[in-house]
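Trainee: Please take one part of this model and go through it closely. I would like the sheet, and then whatever can be said about the parts around it.

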Amino acid sequence: TAAEECARAALAEHGSERGPLLPVLHAVQEKLGCIPRDVIPVIADGLNLSIAEVHGVVTFYKDFRSTPPGRTTVRICRAEACQARGANALVEHAKRQLGVEFGETTPDGAVTLDEVFCLGNCALGPAVQVGERLHGRVSPPRFDALLGELR
Ligand code: FES
């Protein structure tokens, strides 16, 4: 498949580096937007690792995803200052509204929900990043309005 070919290209480029697994995975994700399941055996084989080892690294690092992201990624800040301003309730609301957990994408492919730890907007929590744009004081109704703009 094209994904497997992409993995082979990444192996050719980074396979001989020291600690090659992370650079290979980053290269694949940069190209494909995610680490599809079918490339894991190819990478394991290329680096003489077990499939479980590669899979373990992919699931351990939050940077890697196994499905492509939605058209827009919505990140909710869960760090302390935002928590003190109601981020937890906002997280529950967001998950319910979108019907997804963190790291997941809505079935229509519109939105991926993610968490983030401090967006540098602490005085204006809860902070939410929608695509590239930062929003402060996001209440549940305001969150719904932001989502409405995406659809
Ligand atoms: Fe949320 Fe800093 S704690 S932006």
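Mentor: Two strands are taken to pair if DSSP finds at least two bridges between them. The model is a predicted one. On that basis, four strands make up an open sheet, ordered 2-1-3-4, with mixed pairing. Strand 2 (111-116) and strand 4 (133-135) are at the edges with a single partner strand each, so one side of each has no neighbour in the sheet. On average, and ignoring direction, neighbouring strands of this sheet are turned by 20° against each other.

Within the sheet, strand 1 (residues 72-77) pairs with strand 2 in the parallel sense, over six bridges. The relative accessibility of C77 is 2%, and because buried means under 20%, C77 counts as buried. Leaving aside neighbours within four places in sequence, the contacts of C77 are C82, A87, V116, C118, L119 and A127. For one of these, C118, the C-alpha atom lies 5.6 Å from that of C77, although the two residues are 41 apart along the chain.

A helix lies across the sheet as well. Helix 7 (residues 140-150) lies across strand 1, strand 2, strand 3 (128-130) and strand 4, and runs at about 165° to strand 1.

After helix 2 comes G33, with a positive phi near 85°.

Helix 3 and helix 4 also meet each other. Their axes come within 8 Å and cross at roughly 115°, and helix 3 passes helix 4 in a right-handed crossing. On the helix 3 side the residues in contact are I40, P41, I43 and A44, and on the helix 4 side I51, V54, H55 and V58. By class, this contact of helix 3 with helix 4 has seven nonpolar residues, one polar and no charged.

How values were computed:
Residues are numbered from 1 along each chain as its sequence is written. This is a predicted model: local features need pLDDT of at least 70, side-chain atom pairs count only at pLDDT 80 or more; totals for chains, interfaces and linings use all residues. Side-chain values use heavy atoms; hydrogens and water are left out. Helices (H or I, at least four residues) and strands (E, at least two) are DSSP runs, numbered from the N terminus. Axes are lines fitted to C-alpha atoms, for helices over the stretch in contact, and angles run from 0 to 180 degrees between N-to-C directions. Contact means heavy atoms within 4.5 Å. A crossing is left-handed if the near helix is turned anticlockwise from the far one by less than a right angle, and right-handed if clockwise. Ala, Val, Leu, Ile, Met, Phe, Trp, Tyr, Cys and Pro count as nonpolar, Asp, Glu, Lys and Arg as charged, and the others, Gly among them, as polar. Buried means under 20% relative accessible area, exposed over 50%, partly exposed in between (1.4 Å probe, protein chains only).
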